[in-house]
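Please look over the model shown here.

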Amino acid sequence: MNRKSNIDIPPKVVLLILSTLSVILIVVSSIFSSTVPVFNTVFSAVVVPMEEGINSIGTFVADRYKNLEEISTLRDENQKLKEKVAELQLEVKNIESDQRELKELRKLYKLDQTYESYETVGARVISTDSSNWYNTFVIDKGAEDGIEVNMNVIADSGLVGIVYNVGKNYSNVRSIIDDTSSVSAMFETTADNCIVNGDLKSIENGFITVSHISKDAKVNEGDVLVTSNVSSRFLSGITIGYISDITIDNNGLTKSGKVTPVVDFKHLQEVLVVTTTKDDGNE
Amino acid sequence: MKRLIIVTILILISYLLEVSVFSYFKMAGIVPNIMLILVVSFAVMRGNMEGMLIGFFSGLILDGFSGEIIGYYALIFLVIGYLNGFFQPLIYSNNMMLPLILVLVSSLVYNFIIYFFSFMFRNKLDIEFYTMHVMIPETVYTFFIAIFLYNFYYYINHKLEVIEKRSSI
């Protein structure tokens with residue numbers, strides 16, 4: 001930067017060179033849609049360790065702060081919970097017997113193909129997106145841990161998003177609430193197909209939008225949406241959320257509505273990456 | 001040389017602050033634009049050449065690590081750094097008013113460019129919503145953080161200039 005005093009290149013020329021370079025980079029990277037390896041290497045070696053450090057400090061501080069806040073409320077809660085425990089113990093016994101029955105039924109109908117059977121890798125969220133326009137984040141597992149592009153990411157037993165870029169020890173994940181995200185989904189009960197779109201505007205109120213529901217689909221508010229079996233990138237049967245506000249579109253042929261995701265995207269710290277991809281399943 | 005090292009470290013710290021630290025201090029779900037403060041601050045203190053270079057490399061880092069299209073943020077920050085550099089002759093001593101106003105304006109312009117290319121092009125036309133819920137909150141938050149950061153950068157730049165003057169004699 002003190003080059004300026006040695007060699008005098010007019011700023012206008014530098015501006016021209018650098019903007020041309022930017023435009024070339026934009027064109028090249030959008031055509032090949034793969035990142036420059038240099039960035040991946042630098043990111044793996046320098047940025048990821050630092051982010052992991054900051055992340056653990058941040059979690060530590062946040063936890064301490066929460067502890068102080070929560071002590072008084074916890075005392076009250078503890079009392080209430082003790083009462084609840086006794087109540088629930090009874091219920092557990094009932095459920096246990098139900099569970100046994102369910103297991104047998106599943107075996108019977110060969111339904112144990114739900115996502116409990118998918119293999120997963122646990123990962124921590126180490127950084128979020130830098131702008132307020134997108135909902136993407138970085139996790140601390142990468143190619144070294146067997147992560148590949150298009151692997152599904154889940155948490156709280158619901159769909160979080162999909163891996164779109166993989167480095168040596170990190171991966172970028174686009175969450176389903178991102179404005180550019182769209183997921184092919186279906187109703188768990190009726191198997192009617194629809195499309196779930198992320199939306200920056202409605203996520204403010206905790207929703208994402210769903211469109212292309214057939215006019216004749218017999219669906220009700222509160223129905224569960226899961227990933228569709230016709231999706232090319234998402235494994236089928238992963239819970240997305242609950243539908244509400246179903247309305248008929250202007251074209252009179254389709255319906256749309258809102259979905260409340262089951263995942264709490266505001267406090268996402270640990271996620272599971274499903275290492276089975278859709279392609280593996282078809283083989 | 002010293003300047004190069006210090007500025008590189010500052011860019012890296014700004015990036016980490018933005019993606020890691022400030023995600024714990026979100027206000028209404030909004031993260032301040034730390035990188036923009038760095039670019040504008042150095043542009044007004046050092047002129048359009050340095051503003052432009054810092055802008056370009058800061059943007060490049062954001063691009064590269066977001067795993068998406070490369071060159072997008074680099075171009076935006078490049079232009080922001082260049083244009084803000086024109087105000088350098090108007091900055092004297094520790095006057096904070098103009099730099100802060102420039103951060104404010106730059107933040108609005110930056111957000112509008114992103115809205116224009118990433119949202120309006122995809123037919124998301126409710127500009128009022130995006131202005132009220134993303135652009136304005138981010139700008140306000142960025143403005144307040146800039147009050148502290150600009151002073152910090154001013155101090156660092158001042159130290160660097162003293163060292164540079166000494167070594168040039």
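Helix α2 (residues 34-46) of chain B has 13 residues, which at 1.5 Å a residue should span 18 Å, and its end C-alpha atoms are 18 Å apart, so the two agree. The expected span is 1.5 Å times one less than the number of residues. Helices (H or I, at least four residues) and strands (E, at least two) are DSSP runs, numbered from the N terminus.

This is a predicted model, in which local features need pLDDT of at least 70, side-chain atom pairs count only at pLDDT 80 or more, and totals for chains, interfaces and linings use all residues. Residues are numbered from 1 along each chain as its sequence is written, while chains are lettered from A and ligands numbered from 1 in the order in which they are written.

- α2(B) is mostly covered, with 13 of its 13 residues buried; buried stands for 20 or more other C-beta atoms within 10 Å of a residue's own, exposed for 12 or fewer, and partly exposed for values in between, with C-beta atoms placed from the backbone.
- Just after α2(B), B:G47 has a positive phi of about 95°.

**Side of chain B that touches chain A**
- Chain B has 39 residues in contact with 38 residues of chain A; contact requires C-beta atoms, placed from the backbone, within 7 Å.
- At least two residues each come from α1 (2-21), α3 (48-66), α4 (72-85), α5 (97-119) and α6 (127-168) of chain B.
- α3(B) gives the most to this side, with 10 residues.
- By class, the side of chain B that touches chain A has 24 nonpolar, 9 polar and 6 charged residues; Ala, Val, Leu, Ile, Met, Phe, Trp, Tyr, Cys and Pro count as nonpolar, Asp, Glu, Lys and Arg as charged, and the others, Gly among them, as polar.

**Helix α2 of chain A against α3(B)**
- The axes of helix α2 (residues 11-32) of chain A and α3(B) come within 9 Å and cross at roughly 15°; axes are lines fitted to C-alpha atoms, for helices over the stretch in contact, and angles run from 0 to 180 degrees between N-to-C directions.
- That angle makes α2(A) roughly parallel to α3(B); the classes are roughly parallel under 35 degrees, roughly antiparallel over 145, roughly perpendicular from 65 to 115, and oblique for the rest.
- A:P11, A:V14, A:L15 and A:L18 in α2(A) meet B:N48, B:M49, B:M52 and B:F56 in α3(B).
- This contact of α2(A) with α3(B) divides into 7 nonpolar, 1 polar and no charged residues.

**Helix pairs within chain B**
- The axes of α4(B) and α5(B) come within 11 Å and cross at roughly 150°.
- That makes α4(B) roughly antiparallel to α5(B).
- B:I76, B:I80 and B:N84 in α4(B) meet B:L102, B:S106, B:Y110 and B:I113 in α5(B).
- The contact of α4(B) with α5(B) has 5 nonpolar, 2 polar and no charged residues.
- α1(B) and α3(B) pack at about 40°, their axes 10 Å apart.
- That makes α1(B) oblique to α3(B).
- B:V7, B:I11 and B:Y15 in α1(B) meet B:I54, B:F57, B:S58 and B:I61 in α3(B).

**Chain A**
- Chain A has 5 helices and 12 strands, and buried residues make up 32% of its 283 residues.
- A:T189 sits in the loop between β6 (182-187) and β7 (193-197) of chain A.
- A:T189 is exposed, because 12 other C-beta atoms lie within 10 Å.
- A:T189 and A:V224 are 35 residues apart in sequence and 7.6 Å apart in space, C-alpha to C-alpha.

Terms used. Two residues are in contact if their C-beta atoms, placed from the backbone, lie within 7 Å.
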